[in-house]
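Please follow this explanation with the sequence and the coordinates open side by side. It moves from charged side-chain pairs to helix packing and then to backbone geometry.

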Amino acid sequence: MRIILVAMPWHSLDTPSLAVGILHERVQQCRDKHEVIDVYAHLLWADYIHQRSGGKLRSIDYTQVAEGGIFQGLGDWIFTPALHGTSEWKVDEYTAFLKQAKGGKWSDWLPQMHRWSTDFIHKMADQLLALKPDVVGFTSTFMQNVASLALAKRIKELAPHVKTMMGGANCDGPQGLAVHRNYDFLDFVVRGEGEQTFVDTLDALNGHGELKDVQGLCWRQDGKHVANPERTHAFPANQIPLPNYDAYFEALGRSQLRGELEPKLIMEGARGCWWGEKHHCTFCGLNGSLMSFRSKPPEQMREEIRRLVERHQTLDILMVDNIIDLKYFKNLLPHIVREGLNLRVHYEVKSNLTADQIQMLKDAGVVFVQPGIENLSTHVLKLMAKGISGCHNMHTLRDCEEQGLTTAWNYLFGFPGETDEDYLNIMEQIPAMAHLHPPSGAVRIALERFSPNFENKDLGFAERWPAPFYPLVYNLPHEELMDLAYLFDAPPRGIQGELPKRLRELVDKWQEVYRKSDLSFRDDGQYIYIEDRREGWPRADYIYDDAYRVALFRLLRRPQSPVSAAEALHKAGIEATSEQVAKDLAEWRKQGLVFEEAGRFVSLVLKAVPQRIRTLKLAAAEPETAVERFTRELPLAALKAGERVKEMQVRMPISSTDWEELTQLVEARKGLQAVSVVLQDRTTRVWPSDAQIAQLAARGVVEVQVPWEMEIGDQRPEESVHFLRFLRDCTARRVNVKWKGAISEPVRAQSFHHLLPPSVQDGKLPETLQDWGNKHYYGQFYWRSGTNFLLIKDMRVGREARFTLDEGPLREVFKKLAMPQPWEALKDDPVNQEVLESLMGEDLVLRLGDWFVALPYQMQHWPIPASSV
């Protein structure tokens, strides 16, 4: 048979369909050979609306619907004319609902897309039927339902002999029954996991077995709806095949919008939820009818990551696991670290992570995390069966921020049994959290099918009805919508009145001040230096120099009660009563340095580390009239002698020949206050290596001052390229460089906009250098390492290009030029001249005289959010 698998709108444009990719491979398990064709119709719809709008609608308009309209069923409503056979469908009613539900201004193109949907569906049906399929299968999750139904209906009208099949999350449990009962143009609906049901159904259609024996299948007998029993056993994780994404990447290559999209690999390491097996979070319905947790063996996941990354030369990965398997911290993530891949990964985790686990996530390239924080009140967290305390959630939020992870979470409220007191204490402390990643919003919980709140009416939601968009989308009676719907409305529970509004206002303010706020500390082994630069708080510096406060501060890296803290201090030989500790912690709370909840405290202060990047512009472009921070001096000899200067920031004069000694000394010290290294030479060709810069940054060096003027050009090519290499690596490692300089022909300042710009001299800069300072930001031009390839992204003004360097001369020469090379070292290989000309032609490599250097830096630290670059 010829089988077509379709991913309809509103699947994300930048990802293939995991379901399509898996089922494509599962067909190989059928008793007979079949041909499988994957159609990514969501990309075709994006191209369609782009063309119909005369180029005005782009990927961002598609994404606004796909990501912003789920809880209003917006994407489904757009395709209702195609399903119901009308030119429009309840436009006035739906527009009024959308305005009330979302407010603000939505795209004026929504009614147009709504009216265009029928033409698109008709064109898609003609296109698919031209392939002469025997079976057309649809995967439906979130807002793919109506578009899939509309296309299945049209196919059946034109070609009744073609078998139509639908599965996915929208077909789980009673939803699948309702879909099959009400839409007779669907021959089959698969409920629950489809890997085996799909194979068994295809076999039955080819005479191997009977449809009545296929578990999880809805089918028709003499035109009547028949529902077989659901599968009771979860599909083994180790039998889930590596998904086939070839068709997606081919379709993406043909799309008119391909230049706007950075594809991501969808991968799956586990299904179900190991926490939910013990304690199902009361609000969560994501695991549908199968909670059973199982995961792929770590060695299988390692191989799948390697194969997909290499095949599709893509380093962004979205893991769809509802929770990470804890075994992966020991048997998967360390292996990814050793592979040396510059991945950018999204993972869902539980919020009881340790600092070491968060560090491992970061090292392995996991830069987006969804830790399920949900709330900061221990009582409310107990009501939702989260199995975590408010202080532990704060501990995780702080440590994720410290590692520069983009942390996705919502502040949920509306749980039966919660009280105003559960929120008032937290709300009083929210301003102190200004420097931590804020929630996306403060949101009253939705009532989701399959959640305990839905399944167990005794939990407080006995009265419920389908969310209001369902009757505006589907022309079905109420009792059918009760089975078809996933989202429901119910009378509000929990906090009421003005309190939710005040909570939302505080969260809105938190979002506003986050990027402008910082609260960090440095520990030099003897003193604690705290710098408070939070928006809305007095500018303050604190130095703790007594053993008691230093020890207490260090203890609060983990949640402590006054009693537990006093006991720990006693074991360390420091005597303090729990009453004294409680008094001091109360003072620290007033200063916003600790979070207090349920009798325990945890520090809010972040380690001052270079990997936390929330502002893409560094201070290098600021005029020198700014107040000099580094006034006290710590000579290298004093550092060597073990001396300490009790100041927040210090200057350290060194010679350019001292880099190695400085690196060894700061490594031995294990930490310093903020240090500005001031070079004493008049000129130098000796700069620290990238590895040394990384070590210095990790131990407290935040700035290097270059006192002489650097002229970048052909006059001093060797000095110029070595300085540019140093400037490039400092930019990557987030070490500020204060330098003065000029550029001369043939160099163009535009080539350097990704590097730290020169400082203002005598109150002014040449226009080209001013432009450099104005247009510089972090992450503008960088490269990442794959298995046998490099990815380069160039967003310098006027460029906006991406390059892939495959294994071979281009990649090898580019990597070699991470360190400046003279032509003398390259000329022996006759291929190099052509390679260099190619790299220089794309402005990836700079030539000065007979010297060459690579311009982009390797991405070392992702900003927050990691998608911003």
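In this predicted model, Asp 794 has a relative accessibility of 0% and therefore counts as buried, the cut-off for that class being under 20%. Its salt-bridge partner is Arg 796, and the closest N and O atoms of the two side chains are 2.7 Å apart. Arg 796 is likewise assigned to the buried class, because its relative accessibility is 1%.

Asp 14 is located in the loop between β1 and α1 (18–26), while Lys 264 belongs to the loop between α11 (246–254) and β8 (265–267), so the pair ties together parts that are 250 residues apart in sequence. Here the two partners fall into separate accessibility classes: Asp 14 counts as buried at 16% relative accessibility, whereas Lys 264, at 27%, counts as partly exposed.

Which residues of α24 are buried? They are Tyr 548, Val 550, Ala 551, Leu 552 and Phe 553, and what covers the buried residues of α24 includes the strands β20 (519–523), β21 (528–532), β22 (540–544) and β24 (600–603), together with the helices α25 and α26.

With helix α25 (residues 562–571), helix α24 (residues 547–555) has an axis approach within 10 Å and a crossing angle of roughly 125°. That angle makes α24 oblique to α25, and the crossing in which α24 passes α25 is right-handed. On the α24 side the contact is made by Tyr 548, Ala 551, Leu 552 and Leu 555, and on the α25 side by Ala 565, Ala 568 and Leu 569. By residue type, this contact of α24 with α25 divides into 7 nonpolar, no polar and no charged residues.

The packing of α24 against helix α26 (residues 578–590) has an angle of about 70°, with the axes 12 Å apart. Because angles of 65 to 115 degrees count as roughly perpendicular, α24 and α26 are placed in that class. Tyr 548, Arg 549, Leu 552 and Phe 553 of α24 make this contact with Gln 580, Val 581, Asp 584, Leu 585 and Trp 588 of α26. The residues of the contact of α24 with α26 divide into 6 nonpolar, 1 polar and 2 charged.

Most residues other than glycine have a negative phi, and most peptide bonds are trans. The peptide bond from Pro 9 to Trp 10, however, is cis, with omega near 15°, and Trp 10 is placed in the loop between β1 and α1. A cis peptide bond also joins Glu 745 and Pro 746, where omega is about 5°; Pro 746 is found in the loop between β30 (736–743) and α31 (767–775).

Where phi is concerned, Lys 90 has a positive value of about 50° although it is not a glycine. Lys 90 sits in the loop between α5 (80–84) and α6 (91–102), and its relative accessible area of 30% makes it partly exposed. Ala 598, another residue other than glycine, has a positive phi near 55°. Ala 598 lies in the loop between β23 (594–597) and β24, and it is exposed, with a relative accessible area of 58%.

Notes:
Residues are numbered from 1 along each chain as its sequence is written. This is a predicted model: local features need pLDDT of at least 70, side-chain atom pairs count only at pLDDT 80 or more; totals for chains, interfaces and linings use all residues. Side-chain values use heavy atoms; hydrogens and water are left out. Axes are lines fitted to C-alpha atoms, for helices over the stretch in contact, and angles run from 0 to 180 degrees between N-to-C directions. Helices (H or I, at least four residues) and strands (E, at least two) are DSSP runs, numbered from the N terminus. Angles under 35 degrees count as roughly parallel, over 145 as roughly antiparallel, 65 to 115 as roughly perpendicular and the rest as oblique. A crossing is left-handed if the near helix is turned anticlockwise from the far one by less than a right angle, and right-handed if clockwise. Contact means heavy atoms within 4.5 Å. Ala, Val, Leu, Ile, Met, Phe, Trp, Tyr, Cys and Pro count as nonpolar, Asp, Glu, Lys and Arg as charged, and the others, Gly among them, as polar. Buried means under 20% relative accessible area, exposed over 50%, partly exposed in between (1.4 Å probe, protein chains only). A salt bridge is a side-chain nitrogen of Lys or Arg within 4 Å of a carboxyl oxygen of Asp or Glu.
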